[in-house]
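Please read them with the structure open.

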Amino acid sequence: MNSIKKIIRYIFLYGLRRTLVKVLYLMDKPFLFVFLRFIYNFGVKNEERIGLIGLGNHGFTLIAFFVSVIGKKKISFVVDPSDRSRVLAEKVLKCKHFRKVDDAINSGVFYGDLVYIASDHFSHTSQAILAAKNFGKVYVEKPLFVSYEQQSQFKEIFDLNSNVFTGFNRPYAPYFQNLKNELGNVFSVSMVINGHYLPPDHWYRDSAQGSRVLGNLTHWLDLSLRILSLKEIPKSVEVKVLKGNLDDITVSLLVGDCKIDLLFSANCEPVDGVEEFIFWNSNISMGKIINFRSMDFVRKDRTRVVFKKKSKNVGHGDAVIAPLNGSQPNIQIAYLSSCLALKVEEMYVNNISSSLVSFDIWG
């Protein structure tokens, strides 16, 4: 037992806990649950009532990890239809498990301080509205909605005056904070994204769940709208879409003298997860962010600045922890960027090459 504790302590000290969690999750061996149980319950406090809807790979190795291991908060209950989620909830997280939200409601446990929603895409809207009526804070993974009907329904969130956070994590990435200071009044930004290869039968391709635009590209559409809204939210955005092979898509966004180009490709599987590269050229600086590991830019006065990190940080942890550390909700821009993503998805599916997307503050 002492040797096991030393190994775990070593992993804790050198920041490899999540890597270990991912490996043990993929191995799916019951005898390894003792390690996961130790990692997820070490030092957790049951001070708040926290629920989690959706305990798949993302829900377990990312959301539950940051809530329990980093935030030191105990998860009170899990809702997920799979048998594996029941085992993980009961054996690892040591909490109650329900297959449906209705089951949790009927058991009188669907209430509390905070709930995380990481279920299938189509269910996000209805679950978010229901959760906003029963929890002090709600965290909704992207996409917020997958149809115009759900977009209209989602606006009920604002009437409920709820504290709603979202899974759009790139704005929490450290280098994004630096980038905001290096863009002037005139700029051109290019983002190149190599996404995961998905087979033809992947559930993302179900028409009810939305295309790769809503499943993946929405992250960078949200990041783009935040860049275009640094001074103020634009009243409209000119959008151009060009389809390529399989999931390849190019999207151009234009607001006045500011232009953003997104190139998303997924013809094969990247070596180390999603790869992303950001290049910019503005009236005060020009530079690049390479896979959120390094940032290199030159200012107009020829001053060069270089940042480097040993590991990639796209802001997942800070986004998940945001509802726990007193951060302000970010739902307004997230809602508008989701409206933009829904329009881009419509253009992508129906081969529409150009459109003008108008915003009022509620979409």
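1. Helix 13 is mostly covered, with 15 of its 19 residues buried. The helix takes in residues 331–349, and at 1.5 Å a residue it should span 27 Å; the C-alpha atoms at its ends are 26 Å apart, which agrees. Just after helix 13 comes N351, with a positive phi of about 55°.

2. This is a predicted model, so confidence needs a word. The protein chain has a mean pLDDT of 91, and 95% of its residues reach 70 or more. Residues 10–14 are another matter: pLDDT stays under 50 there, and the model has 6 contacts for them beyond four places in sequence. Where pLDDT is low, the predicted coordinates should not be read in detail.

3. S282 belongs to strand 11, which covers residues 275–282. Is S282 buried or exposed? Its relative accessible area is 12%, under the 20% cut-off, so S282 counts as buried. A polar atom of the S282 side chain lies 3.1 Å from the backbone oxygen of E182. Apart from neighbours within four places in sequence, S282 contacts E182, L183, G184, V186 and F187.

4. F98 lies in strand 3, residues 96–98. F98 is also buried, at a relative accessible area of 11%. Which residues does F98 touch, not counting those up to four places away in sequence? They are F77, V78, V79, D80, D103, A104, S107 and V109. As for V79, it sits 19 residues from F98 along the chain, and the C-alpha atoms of the two are separated by 4.7 Å.

Technical notes
Residues are numbered from 1 along each chain as its sequence is written. This is a predicted model: local features need pLDDT of at least 70, side-chain atom pairs count only at pLDDT 80 or more; totals for chains, interfaces and linings use all residues. Side-chain values use heavy atoms; hydrogens and water are left out. Helices (H or I, at least four residues) and strands (E, at least two) are DSSP runs, numbered from the N terminus. The expected span of a helix is 1.5 Å times one less than its number of residues. Buried means under 20% relative accessible area, exposed over 50%, partly exposed in between (1.4 Å probe, protein chains only). pLDDT is the predictor's confidence in each residue, from 0 to 100. Contact means heavy atoms within 4.5 Å. A polar contact is a pair of N or O atoms within 3.5 Å; within protein, one must be able to donate a hydrogen and the other to accept it, and residues adjacent in sequence count only if both atoms are side-chain atoms.
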